[in-house]
Amino acid sequence: MRFFKYLVSTDHKVIGLLYAGTSLCFLLIGFALVLVMRWQLAYPGEPVPLVGGLFGVANAPGGIVLPEFYNQLGAMHGTIMVFLGVVPLAVGAFGNYLVPLQVGAHDMAFPRLNLGSYWFYLAGGLVMLASFFVTGGAANNGWTSYAPLSDLAPGHGQTLWLVGMGLIIVSSLLGAINVITTIVQLRAPGLTWFRLPFFVWAQFITSFLLLLAFPALQAAAILQGMDRLVGTSFFLPSGLAVSGQALNVAGGGSALLWQHLFWFLAHPEVYVLILPALGIVAEVIANNTRKPLWGYRSMVYSVFVLGFLSFIVWAHHMFLTGMGTTISAFFQATTMIISIPSVIILSALMLSLYGGSIRFTTPMLFALGFLPMFGIGGLTGLPLGLATTDVPLHDTTYVVGHFHYLVAPGTLFALFAGIYYWFPLATGRMMNDLLGRVHFVGSLVCMNLIFMPMFVQGLAGVNRRLWDGGEQYAHAQSVLSLNVTMSMAAFGLAFFQLFFMVNLFMSLRGGRVVGANPWQATTLEWSTESSVRAYRDPYVYSLPGAAADFVPQDQPAEPS
Amino acid sequence: MTAIPYTTDVRPDTGVTNPKLGMWLFLASEVMLFGSLLSAYVLLRSGALTWPDQSAVLSVPLATVNTVILIASSVTMLRAWTALTAGNMRQYRVRMGVTLVLGAVFLAIKTFEYSDKFAHGLGPATDNFLGLYFVLTGVHVLHLAGGMLVNAFLLGPGARMWRSDPRRFTQRVEVAAIYWHFVDAVWLVLFVVLYLL
């Protein structure tokens, strides 16, 4: 009964925690899918141990993963991780819980809309999970669902993918409207725009990306749904033949149209994955270096520029489609330009460390781990953003390594930092420090062992989405043994996540009880007042002459 | 629990209420949705070898009537709101009622257009022009129907708020009117693009 009460609460904290719990479950599911894939890549054609019998005869007879099932795992791993795991955790959970608190509001601007957003998200997630159990299984056309393959895919998996996506898009639309309105309208007295914590800025821009980029995929999903269900041919070119048979449709469609619509969403989506993470890391770094952020204003301006530019770089995912060198040159130029604000933010975060008396707490370790990992992810993206060097690297495991460095040891580390950092705010208890440190070190080592070899394989020309990990290809033979290394590291990563899970549940009941502001932080979410007023910038640490080394934003100025 | 500020009061430094800002943000997202669909139209039409004579396939007279009806409904919607600002609830009910009826007439004509197409064996799968026609007008009709649901609520059970909080009710009608005008504006674009160009 109590659980049901939580499911219909309009309180932003409860909804934030619902989002957190649900998205962590989805992260676990997405991770479990990839563990099966990693087994198959390391030992192709050998039965999956322990769980192999659970997948059914249609997917894995005798526990051996069939190619079609492998494709389902790949498509759904990407979909679940991005749309049901990371974004809901970064925006739905952290945004819901913290944005109202950090701007000094009592709740979001539209509490009922907020609950609706969660329900749409949950419904979308359940549709995605249910699609595994229909005839033909879940969508198996990659997380990008490129047409015409996805248009013509048999079974209902792809249709359910479109339905689930539609629900998730409605959810993020409602959430984005709420976050923006809350930040614009409900800032506490005295909290001017440049007194907002960087985390709030990051959520603000992220919400605009969600608001304006997602409708493109909504439109694409409608069009593909029509193609699949009604027989239109928006994405089916004329003269298409399938299995030797000419396709009986009107034709005249464009496969490129899908790619344009998809990437118009999906490139801003990349920044939806990254910006909240940068926001969390900025908060943790300011608090643990006991210094104001270096270059706060340039960071804010940069995040604006990032948000704007992210709308005009999408076709750098499409250099190999033959869309023409002029268009390629344009998108290559914008892609190089967008790296500038990214580098400014990352440099500002690194320079913030200089001269600080750093507290090496568990959240700070994750934030420090984030910086170089994010750097590797960003720098390895440069060759992919240049049309010429993208030619040999496109669709190789190099690409997979690149974006996983950004999202796994990048964004996920930031999200872990956020969980360890704000856990006492939500529960009044600390998470265990030793378990947290083991979790950090183990994850850092394993993540690098998984993703670094992908660069090596990719440079050797091994394609992504290969069911057997490249076993049948001559050029892959020299780097084939890395598959075993990567898979072992993935299983190791799973082992180290146990430390996090145990820590999370143990600390809920038995964590060290702490006071209202255990990290001695300055921002408004730690304030215990019922109505707050801001008097100063967000990160006033180590102010010469002040009584403590931190001056909270809502502490009235002493009369001088 | 404290009430959420600026639900009915304008925040001085931003100049809007929460619902109005929320509606504008929602419409920004809607612009991107229809913009994406229209860009699909542009890309498919510019890449097509042949494209039917649109005004020969579709009925321009019917669409012209529908355009006039929808513009009229925008006017009555606006006048319904001004009736409320003048404190005249009876007049509001009449004008909102007319808005609803006009919306229903639009839907009826659209239904006739659709069924006429189907009767002649023309469907979304016939060619990409008709496919886009059905998708674009279909998505628009769904928006129109959604707006009519909201308007019906504001005419029926939702109107009780007039007695308890007339200011907030007037603003609700204003925000609903913004949406209604947007649906109207989308139709104007669709009329030009699908029927006339």
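## Helices H3 and H6 of chain A

In this structure, Phe83(A), Val91(A), Gly92(A), Gly95(A), Val99(A) and Pro100(A) of H3(A) meet a group of residues in H6(A), namely Ile168(A), Gly175(A), Val179(A), Thr182(A) and Ile183(A). Sorted by class, the residues of this contact between H3(A) and H6(A) are seven nonpolar, four polar and no charged. The model described here is a predicted one.

H3 spans residues 67–102 of chain A, and H6 spans residues 157–185 of chain A. The crossing of H3(A) and H6(A) is left-handed.

## The course of H3 in chain A

H3(A) has a kink of about 50 degrees, and the kink is centred on Pro88(A). Of the 36 residues of H3(A), 33 are buried, so this helix is largely enclosed by the rest of the structure. Just after H3(A) comes Gly104(A), with a positive phi of about 75 degrees.

## Helices H11 and H15 of chain A

Another packed pair in chain A is formed by H11, residues 362–379, and H15, residues 433–459. The angle between them is about 15 degrees, and their axes are 9 Å apart. That makes H11(A) roughly parallel to H15(A). The two helices, H11(A) and H15(A), pass each other in a left-handed crossing.

On the H11(A) side, the contact is made by Thr362(A), Leu365(A), Phe366(A) and Gly369(A). On the H15(A) side, the residues are Asp433(A), Gly436(A), Arg437(A), Phe440(A) and Leu444(A). By class, the contact of H11(A) with H15(A) consists of four nonpolar, three polar and two charged residues.

## Backbone details

In chain A, the peptide bond that leads from Ala147(A) to Pro148(A) is cis, with omega near 0 degrees. Pro148(A) sits in the loop between helix H4 (111–130) and helix H5 (149–152) of chain A.

Leu50(A) is not a glycine, yet it has a positive phi of about 65 degrees. It belongs to the loop between helix H2 (12–42) and H3 of chain A. Leu50(A) has 9 other C-beta atoms within 10 Å; a residue counts as exposed at 12 or fewer, and Leu50(A) is therefore exposed. In chain B, Tyr6(B) also has a positive phi of about 65 degrees although it is not a glycine. Tyr6(B) lies in the segment before helix H1 (18–47) of chain B. It counts as buried, because it has 20 C-beta neighbours inside 10 Å.

## Where the two chains touch

Chain A gives 31 residues to the contact between the chains, and chain B gives 30 residues. On the chain A side, H6, helix H7 (198–229) and helix H8 (255–289) each supply at least two residues. The largest share of this side, nine residues, comes from H7(A). Divided by class, the side of chain A that touches chain B has 20 nonpolar, 10 polar and one charged residues.

## Chain B as a whole

Chain B is made of seven helices and zero strands. Read from the N terminus, its elements run α-α-α-α-α-α-α. The C-alpha atoms of chain B fill a box of roughly 60 × 35 × 25 Å along the principal axes.

Chain B has 197 residues, and 35% of them count as buried. Among the contacts in chain B between residues at least 6 apart in sequence, 75% join residues at least 24 apart.

## Helices H5 and H7 of chain B

H5 of chain B, residues 128–155, packs with H7 of chain B, residues 166–196. The angle is about 160 degrees and the axes are 10 Å apart. Angles over 145 degrees count as roughly antiparallel, and H5(B) and H7(B) are therefore roughly antiparallel to each other. The crossing of H5(B) and H7(B) is left-handed.

Among the residues that H5(B) brings to this contact are Tyr133(B), Leu136(B), His140(B), His143(B), Gly147(B) and Leu154(B). Those from H7(B) include Arg172(B), Ala176(B), Tyr179(B), Trp180(B), Trp187(B) and Leu194(B). The contact of H5(B) with H7(B) divides by class into 14 nonpolar, five polar and one charged residues.

Methods: Residues are numbered from 1 along each chain as its sequence is written. Chains are lettered from A and ligands numbered from 1 in the order in which they are written. This is a predicted model: local features need pLDDT of at least 70, side-chain atom pairs count only at pLDDT 80 or more; totals for chains, interfaces and linings use all residues. Axes are lines fitted to C-alpha atoms, for helices over the stretch in contact, and angles run from 0 to 180 degrees between N-to-C directions. Helices (H or I, at least four residues) and strands (E, at least two) are DSSP runs, numbered from the N terminus. A crossing is left-handed if the near helix is turned anticlockwise from the far one by less than a right angle, and right-handed if clockwise. Two residues are in contact if their C-beta atoms, placed from the backbone, lie within 7 Å. Ala, Val, Leu, Ile, Met, Phe, Trp, Tyr, Cys and Pro count as nonpolar, Asp, Glu, Lys and Arg as charged, and the others, Gly among them, as polar. Angles under 35 degrees count as roughly parallel, over 145 as roughly antiparallel, 65 to 115 as roughly perpendicular and the rest as oblique. The bend at a residue is the angle between axes fitted to the seven residues ending there and the seven starting there.
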